[in-house]
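Trainee: Could we go through this one together before I set anything up?
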Amino acid sequence: MRLGLQLIGFFAFAVLMLVIVPVVINALGRNEYYYTLTLISLLAVASAGVWITFYIGRINIGQAAYALIGGYTSAILVTAYGWPFWWTIPVAGFVSAAISMLIGFPILRLRGVYFAMVTLVSTEVARLTALALPITNGAKGMVNLPLPGPIALGPLALVPDFATMANPRPAFYLLAVSIMLLAFAGVWRLVHSRLGRLFVALQQNEELAASTGINIAGLRVVAYAISSFLGGIAGAVFSAVSQSVYPSSFTTQDSINFMLNCFLGGLGYVFGPIVGTFVLRFGWDLLFQTAQWQLLIYSGVLILLMLVLPNGILSLLGIRPTKPGTR
Amino acid sequence: MEQVIVNGLYLGAQYALIALGLTLIFALMNVLNFAHGQMYVLGGFVTYTVYGQWHLPFVVALIASSVTLAILGALIEKFLFRPVIRRSKREESTMLLAAAIAFLFDAIILLVFGEKGHGVPKILNGVLNTGAIIVPYDRILVFGLAVVFIAGFMAFMQFSKTGRAMRALAQDRQAAQLMGVNVDRYSMIGFALGALLAGLVGGLLVSITGVSSGIGGAISTKAFMMVMIGGAGVVAGAIAGGFILGMLEAVGLTVLHSYGDITYLVIFATLMVFLAIRPNGLMGKPWG
């Protein structure tokens, strides 16, 4: 029953995002909302990655590094090697995941704030590396990236060439929302799988988990790799949407924002990062009208939310936190 | 080379003072204070206002910076951190609260002082030139003051009753409480003292580097690194970390200059390797 309700909710959300929202935006004629929502969807995907590291009990302030790696991987493959953009999305994810496994193996031994601080440093390392390497073009960044080409299955064009569209924004919106839906369906499935239960064991007590024969070192790396994979994908699509990627495309600030998204949505809920990202990002954009008071009001509301709702916005709905074995 | 060492020592002294406040707050409350850099900037702006705008003596300005930040720190501990720590089940929440407070400080500083960088008149004129090294007198004075403050802080922690209580709290919160230490009271004093140190060094450095609203985040990151190098929550570690980072910066900026702007990349990457080998830093206890 619970599973049924969740599925219905998920499909309702999918229909809302893929059908109703575009209809409403077209009716209003406010094309810029497409861009905002595209961005929010991608940030939610990266936040989902951070959520997974929270789920194994680690604080990850390094997601911006993997988004940056994904963005540059896609941009370099498209411009220097002439790859079609579509192939670079999974490749960017796997490159980010591979790098995270290399780094993760030693640093995942750290806990709590120690791990947090190292991941924070890794964000800076990624930014400074992008500045220093010749292939990433330094501070000038990589600009004028081509729009995604068509996807054709024989004579049948599944996705038209983005460059031939009068306005590629709705297409990017549908792409980003589809990726977000896929990512969260994947995370939901993961959390309710055997692997997900093992992750909970890591969150609750690593020593106890190890004593029952669970390979905790390996599982931590797997979780971190999945997390970074999502970051890399989000970064790759972001580079195509903005047609550029700079060392400052994803900074420490973004890493912190990803964490805030998870936290304010609710760390106990798979869909918390979506809610958190939508509320925070829309809130931030709405506050744009308050001009110089924007940051003051935003941060004030953040602090208030933490004081009033320490378990996240979703706890308001009275849903029990996502736990394994509830289906 | 002598010049590089002198620069390193000078940087190290001010870094150590920044790291001390951060490590104190961490040791007492297990809170990673993301707003530490913003507190530093706020201290700088208080000194700028009192010394640069109102033309009161520099010492008065330093005291004003310290007192303002100490009061602010005490209020933040009492009304923000304490309730969140009490109600939240996960330690992440305090870190995110600190991040939100950092945003808030950034916003306030930006609103009140604007985006421009601000400087103040020099506190001392003239330059010490011995042939091998060239150091402006005001830097020597700032270095001397920083060393005096560090020594004073250590003496305070070592010999005063308050210091003893805080060390007990850092060692074992529960045991300290059972021995009759007023945990709430000393957490508040500790947080205030940590904020005071941030404000003090902020005020001290206005006289040399000036102050601008956007640098808080970078200062926080540097302070985290120093604390990591030395071992989180250990006073001697913070001082060691500060001097080591200062030296690395001074040497790196000289040696790596010809390879472009990669000093920080090398330092950060080295730090990650170092921490992978030695997760607790030089002197840290396992897992804090």
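Predicted model: local features only at pLDDT ≥ 70, side-chain atom pairs only at ≥ 80, totals over all residues.

Trainee: At what angle do H1 and H8 of chain B pack?
Mentor: Helix H1 (residues 2–29) and helix H8 (residues 183–209) of chain B pack at about 165°, their axes being 9 Å apart; axes are lines fitted to C-alpha atoms, for helices over the stretch in contact, and angles run from 0 to 180 degrees between N-to-C directions. Helices are DSSP runs (H or I, at least four residues), numbered from the N terminus. That angle makes H1(B) roughly antiparallel to H8(B), a label for angles over 145 degrees.

Trainee: And which residue classes make up that contact?
Mentor: The contact of H1(B) with H8(B) has 15 nonpolar, five polar and no charged residues, where Ala, Val, Leu, Ile, Met, Phe, Trp, Tyr, Cys and Pro count as nonpolar, Asp, Glu, Lys and Arg as charged, and the others, Gly among them, as polar.

Trainee: Switching topic, how many residues of chain B are in contact with chain A?
Mentor: On chain B 43 residues are in contact with 39 residues of chain A, contact meaning C-beta atoms, placed from the backbone, within 7 Å.

Trainee: Which helix gives the most on the chain B side?
Mentor: H4(B) does, with 15 residues, and by class that side of chain B has 31 nonpolar, six polar and six charged residues.

Trainee: What does Val237(A) touch?
Mentor: Leaving aside neighbours within four places in sequence, Val237(A) is in contact with Leu42(A), Ile89(A), Leu175(A), Ala176(A) and Ile179(A).

How values were computed. Residues numbered from 1 in each chain as written. Chains lettered and ligands numbered in written order. Helix = DSSP H or I, 4+ residues; strand = E, 2+ residues; numbered from the N terminus. Parallel < 35°, antiparallel > 145°, perpendicular 65-115°, else oblique. Contact = placed C-beta atoms within 7 Å.
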